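Colleague: Before I plan anything around this protein, I would like to go through a few details of its fold with you. Could you put the structure up so that we can look together?

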Amino acid sequence: MTAIKAGAPAHKARPVQPHAHARPRAAKPGPSWYSTWLLLLPVVTVLPYLLAKLHYHLPAPRPPTDASGNPQPSEEVVLEHIGALETIGFRTVGTHEAVLGEQYVAGQVGLIKERCDAGGVLRCEVWVQRGSGYHAFSLIGHDVLKLYAGITNVVLKISALDPPSGPSAHDDDSILLGAHIDSTLPSPGAADDGMGVGVMLDVARVLVDRAQPFDNSVIFMWNSGEETLQDGSHMYSTQHETRHSVKAIINLEAAGSTGGALLFQATSREMIEAYSHVPHPKGTVIAADVFASGVLMSDTDFVQFEEYLNVSGLDMATVGHSYYYHTRKDTLANIESGSAQHFTDNIMAVLDHLLSPGSPLAKPDWSPPDMVYLSLYDRVFFHFPVAQAAPYYRALAAVAAALALGAFRGDLKVLGIALLGTPPGFLAGVISANALAGVLTLADKRMTWFSHEGLPILLYGPPALIGYLTTQLLLSRLLTPAQRRHLERAHYLSQALIFSFYMILLQLVGVRSAYLMALLAGIMAAGAVGGMVARLVGLESVAFGWQYVLATASVITLGVEAFTLTLDIFVPLTGRMGKTAPTEFIIATITSACSLVFAPTAAPLFARLTRRTQIRVLWSLVLGLALVLGVFLGPWWSPYDATHPKRMAVQYTYNHTSAEHTAHLAFMDTPLNAELVAAFHARYAAPDAPLTRTTLTPNESDWDTLYPVSSFLDTYRWPLEPRTHDLAFAWPAVKVEARRQREGEVVHLNLRFDHAGLVWPVFAFEADITDWTFEFDPPRGRRRHHIKAATSVHDHSLELDLKVRLAEDEKVQIHWSAIDINQMVPGTAARLGPDMPASAFLMDMDAWAEATYGGALELLLSGVVVGVLEV
């Protein structure tokens, strides 16, 4: 059948039969499809570029005081604190550097208190909290008992001597701000969480130097032990004397080093309202819905504050370019100018609101977070109650339905094809993208897009459109040529109707992100109404501009903000999701779904073309995809480079029980693993040393220092031949003093461990524990238990008291592992033990890897000591 060009006479077509109701009129001839794309070209090219620039725009850094000498939030001050912390070194819990970091913060807080006391307006109280404790975790399906000792928090409470609302308006109602001082292996922690530490010190400076009274009080808590499973925040939340006065929390974190601070979670209506006062809003309820779904695990101090303080709060973090998260590239030099200013300005604004008269801190209870909220380009912030949105959603759905049914009341088949084609078309687009992901996975060409957050659009956007538009082309064959003349309008109206349906469905199941569907439905409905009005007065070109140019521009404005933020989070995250994560399919699904959701005008524009042109468009997409694949799959292409590095962990392990020396390699993703392992094995293994790919189970202790993350690692090992003089080296070891007393079929064990010279010790054993001295019950039955510990460099003793079901002569075998404090690369090895066995091996490997891979390989290297104790 000959295709009929839109707007041209339908020669040889079957005449349209009269109907009781008038069939929808065909659109009057308008701009050709060439002029259509000329009008849309700047909208789909220049506008996204400009919006992306706006999305990443940051405020200009400001000095500590304004032109009048008044104190103001200052990135300059924040960066000075970050630089001081970075100069100290790697602040890993259990090292001297961690203690120096705590002392630096305590010293700065002392200076703030001196100025506070001299001002005579505010009261400042300071605590340096040191203590021990324990808590239990269930992380990624693994139970962990966590012990800590010698952990330090620095606490500053500021209140007004004469609050504006009276003398009772400060002590009982406090807002807690939290950031952690420690950093993890092998990171200097400039952004994570030096930025949070610096922001809080700067906000405290501004409060004190302004010397203005305020209601309520603010507690700044700089804690240690966050990277060792939130020990410091747990200690504050369960032991500190000020914890009962806390009514709300703000957690300051970082998972990246560029961009503004993102609002991840807001857990009450009042805190959302407080956030609405910030000058640079960056957050959407979609992020909160994603966190609530469990897709992204939140493992920050916010978890401890929520669980033990049982208060509302905000969880905020810098997330841009998280390729450097927990790497040695998390440095001051890599923090983007304006990031700290963005964070500090926003924290100051929220705090000023919460310390003002009428603050929600005085309320007895918090309202549930039944609010829809979103920001646009860090400029505006919209928020409204979910219940308030419901009638507007229903009205919008009614308008969309009336427009569609009113236009096609005489021929529902055309509308039906457009409606029924949208969900299958969407599904076909997602399946097409995932089919390509499957082919790339089978060809071992995964994560080719990793080196830039926007590259997945080039790879998976075209197959999504191919699948979607091909579905529309095939379904259009069910219509006559005359009916196809109305398919453009039907597709346009069906988009509004489909978005309305999803909006109502999400609203009914309580998903606050329904607002996105409402915005898209509203844009399409407005476009339809505008086009209808313009045609009634004979302005076809205006109708086209309203329906397509303005509608597409509006959708792109929403899409660039949402799409960019989503890819900024998920693309770098795939580099640390673990060996079993279907990263290719995750990115293919996210990219294809977002591409289609934010392209609602694609189907009606496609229907506007002749059949021949439609086929040409599809072949053009295929050709474009082929070109992209030709580039991505070429030998010149690598998913990794110096600014988007691949992560690899290396352990030089000494086993005290077997006296074996072993090299262990591990990866958190899969591309290029075989090539890298072969290269490292060829250089650092003896000619006859066998290379083994290992499968870690809960009963394997090779990587217990990273448990339970160890279960996600792709791991390898080979035996090492130590240097002759290394044979006499005195490796540190865990020692145990055990007391054993039988009580019937149960044995009472009291174990006192000493791990001097070792950090991050882990004790794993199999037993049926019937009781212990902790305040919660042990897991029941015979099973593998993992006990992780974190202690200060000055505290290296731990005690366990438990009852275990054992046979008469049965003993418990405790597999222990820990990191040698002197052999951490790049942390302590160069300074404390450059010629020690692991240090010499790992430092040479580090230098060789840098020379060979030019920074595209990020190494975590440590000397690990293991052994088995029988008690």
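Modeller: Please bear in mind that this is a predicted model, in which local features need pLDDT of at least 70 and side-chain atom pairs count only at pLDDT 80 or more, while totals for chains, interfaces and linings use all residues. Residues are numbered from 1 along each chain as its sequence is written, and side-chain values use heavy atoms, with hydrogens and water left out.

Colleague: How many aromatic pairs does a search of the whole structure find?

Modeller: Rings of Phe, Tyr and Trp (its six-membered ring) count as a pair if their centres lie within 6.5 Å, and planes under 30 degrees apart are called stacked, those over 60 edge-to-face and the rest tilted. Searched in this way, the whole structure gives a total of 24 aromatic pairs.

Colleague: What is the angle between the planes of Phe-680 and Trp-848?

Modeller: A pair of aromatic rings is described by the distance of the centres and the angle of the planes. For Phe-680 and Trp-848 the centres are 5.0 Å apart and the arrangement is edge-to-face, with the planes at 90°.

Colleague: Which strand does S14 pair with, and in which sense?

Modeller: Strands (E, at least two residues) and helices (H or I, at least four) are DSSP runs numbered from the N terminus, and two strands pair if DSSP finds at least two bridges between them. Strand S14 (residues 735-743) has nine bridges to its partner, strand S15 (residues 746-754), and the sense is antiparallel.

Colleague: With which side chain does the side chain of Asn-750 make a polar contact?

Modeller: Asn-750 lies in strand S15 and is buried, with a relative accessible area of 8%. A polar contact is a pair of N or O atoms within 3.5 Å; within protein, one must be able to donate a hydrogen and the other to accept it, and residues adjacent in sequence count only if both atoms are side-chain atoms. At 2.9 Å, the partner of the Asn-750 side chain is the side chain of Glu-799.

Key:
Buried means under 20% relative accessible area, exposed over 50%, partly exposed in between (1.4 Å probe, protein chains only).
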